[in-house]
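Work through the exercises below with the sequence and the model side by side. Each task is followed by a solution that goes step by step.

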Amino acid sequence: MELILVNLIDGLVYGLLLFMLSAGLTLIFSMMGVLNFAHASFYMLGAYFAYQISTYMGFWMGLLIAPVVVGIAGAGVERYGLRRVHQYGHVPELIFTFGLALLIEEFVQFIWGNSQLPYNEPAILDFALFSIGSNDIAAYKVFMIFVSIGIFLALLYVLTRTRVGMVIQAALSYPRTVENLGHNVPLVFMGVFGVGTGLAGLAGVIAGPQLGTFPGMAILLGSIVFVTIVIGGLGSLWGALVASLLIGWMTTFAASSSFQFADILLALGMEKPAEMSESALRDLWTLTLPQIGPILPYMLMVLVLVVRPYGLFGKRDA
Amino acid sequence: MRKTVKLGLGAALALTVSASSLFAENIKIAFIEPLSGFMAGTGTSGLHQYEFAAETLVNANGGVLGGDMFEIVAFDNKLSGKESLVQLQVAIDQGIRFVAQGNSSGIAHALIDAINKHNKRNPDDLVMFLNYSAVDPALTNDKCSFWHFRFDANADFKMDALTDVMAENEDLKKVYIIGQDYSFGKAVAAAAVSDLGNKRPDIEVVGNELHPIIKVKDFTPYARKIIASEADAVITGNWGADMVGLGKAILDSGFEGPIYTYYAAADGITATFGEAGKGSLYLVGTDQLNPPVSDRAADYITAYKTKYPDGDINQARIVNVVEMLAKAINEAGSATDIVAIANAFEGMEHDSIWGSKIVMRAKDHQAIQDIHISEHTDEGAVFDYDNSGYAPVVKSTVKMAGADSATTCDMKRP
């Protein structure tokens, strides 16, 4: 029982982190049709920039400055890279962002090397806020929850309650019409790309101390972010939130369970073979749920695509 | 313009050719390791340690055989078995007779297979494999070869030493074993279960878990499970990002017992754990830098840190490889008679700069030496890792670990 409560909190932390990454990506994808392969790379840049800034000015300045720097870099990429490639169609755009992801990874290794970086939680948050049973809940995790929820509320407010948000929403569905009405759609695109990558950067800043800051961190999270936005429905902020939380809880509960597939086989009346290497089902007999945890989100994605191709909250086909 | 480039290239080629013929008496050692990609840091660090050891311990003392110098030639295997074999062939074509490799037992298996075949077909042009890090026990058991020498303790020896120390701790009642889901992780888990069962049947293994390798993003749920199991200690063979992720999650979740590891040091790992890992992280291995065993060892480390301020001697056994090779060549009286050098290695006793006596066991070519259990701490960390103030400091030692261990090796001698 205690473990379930702890897992709920852990899954919430991880899910909200995914949300910060996928919120930007889903807006960029639905608005510009660009599948930004480099999105997780901006997440990595956020962590590395924040580490560099934190060595001079402390964690909090890193938290403030790094996402802005990443966002400006993202806007620059849109203005001077993507916008030029755009006229050649979607495939060149895809290849462009793919190349950019490789480039950023090489850049990071060139500047900071291949090792883990000692980027850690600020001392002020480095304590156990409370414990459930004997499991400590670190103050930093609670801090992550508050930052993510704050970002979600701010995004929701901007998108639904402000004039800028109206233009963005309109540009999502009818970019030509919005352009004809006299709005500067390329500027909106640049802004959305900048804010989206900046959010990814922010996710990197706060996730770096928890999940580790190393050159492989972008690849590790890259694919799962796409899964999130497909499950949630393209362009839907609520969809991104729900899908992120779903994946967060799913992987957390899977990893902490001790369920074995042998139990199913035993329940089916099969006998455990004495010589495992002779059995045709030997893989199934030794498989546990934690071992297949990381592929569960992909299975969910396939299921969603079959049943509801436009995602849980999506309004149009992916 | 084109012509000048071609001319320049030609001149450069000619220069390298003449340069290599000028220094033909150099004894070359092929260093086949990842020098690009995500493991490049480990490979480059190993290369520096080889070059420094060869330079300061052999060449500066007049070389071997009265004046022949050691030369380390680096080959990038991109951490791939296929690429390693290509690089091995390139090295052999260059007339190199000594091959040093250690990162990944899989690659070590591929290399020794290829070397066995090569030596069978070319008895006049033999090649020797100096394995300084690949710890799969099979390499000195079923798959043992006359041309292969292992200078690190194998995974079973390390677990044996580790469980010796754990068995002395009467408070230890429950142990959790967790590792990466591949051959090495499974070998560690199997050895831990059988060793603990033999030495302390009363210790309960409350968890024996494999997680997907380099796929887990958040280790927190694993840490929660470990705490819920009420384990007193954790054993893991994890390395790299999986080690950092797991260790941080366990410590953040409030675990207070010891975490026994194989690879939780250097390459940024020591700095990342810092204060949080103090008193919790333990390492099992053959290297002892802290406390320094002698002035000679201390001077050597200081000299290395002067040359590579950002580097660390994190594979100290490389020094043993270089010194013992020099000794074997001198004893054999030749740098080309590989059989004589191999015979000189067999049964060789060597007093390591790091304090341990080393015996190269003749029956399986496995070095027998002291194995240490070190604690990650800043107290007594004279030579820190990652310039972090922290380092593994030796707490207990198993003398000549595994000296009487059995081997299934059936050595085929030429």
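## Exercise 1: two packed helices

Helix α5 (residues 139–161) of chain A packs with helix α10 (residues 237–256) of chain A at an angle of about 160°, and their axes are 11 Å apart. Describe how α5(A) is oriented relative to α10(A).

Solution. This is a predicted model, in which local features need pLDDT of at least 70 and side-chain atom pairs count only at pLDDT 80 or more, while totals for chains, interfaces and linings use all residues; side-chain values use heavy atoms, with hydrogens and water left out. Residues are numbered from 1 along each chain as its sequence is written, and chains are lettered from A and ligands numbered from 1 in the order in which they are written.

Begin with the terms: helices (H or I, at least four residues) and strands (E, at least two) are DSSP runs numbered from the N terminus. Axes are lines fitted to C-alpha atoms, for helices over the stretch in contact, and angles run from 0 to 180 degrees between N-to-C directions. Angles under 35 degrees count as roughly parallel, over 145 as roughly antiparallel, 65 to 115 as roughly perpendicular and the rest as oblique. The angle of about 160° therefore makes α5(A) roughly antiparallel to α10(A).

## Exercise 2: a salt bridge within a helix

Find the separation of R176(A) and E179(A) along helix α7 of chain A, and state how exposed R176(A) is.

Solution. A salt bridge is a side-chain nitrogen of Lys or Arg within 4 Å of a carboxyl oxygen of Asp or Glu. R176(A) and E179(A) form such a pair, with their closest N and O atoms 3.3 Å apart. Both belong to helix α7 (residues 175–180) of chain A, and because they are 3 residues apart there, about one helical turn separates them. For exposure, buried means under 20% relative accessible area, exposed over 50%, and partly exposed in between (1.4 Å probe, protein chains only). With a relative accessible area of 62%, R176(A) is exposed, whereas E179(A), at 35%, is partly exposed.

## Exercise 3: a salt bridge between loops

Which parts of chain B does the pair D378(B) and K278(B) tie together?

Solution. The side chains of D378(B) and K278(B) meet in a salt bridge at 3.1 Å, N to O. D378(B) lies in the loop between β14 (371–377) and β15 (391–398) of chain B, and K278(B) in the loop between α9 (269–273) and β10 (281–285) of chain B, so the pair ties together parts that are 100 residues apart in sequence. D378(B) is partly exposed at 33% relative accessibility, and K278(B) is partly exposed with a relative accessible area of 29%.

## Exercise 4: backbone details in chain B

Locate the cis peptide bond between N290(B) and P291(B), and then find where K78(B), with its positive phi, lies.

Solution. The peptide bond from N290(B) to P291(B) is cis, with omega near -15°, and P291(B) sits in the loop between β10 and α10 (295–307) of chain B. K78(B), although not a glycine, has a positive phi of about 50°; its place is the loop between β2 (70–76) and α3 (81–93) of chain B. At 48% relative accessibility, K78(B) counts as partly exposed. Another residue other than glycine with a positive phi is D386(B), where the value is near 55°, and D386(B) is found in the loop between β14 and β15 of chain B.
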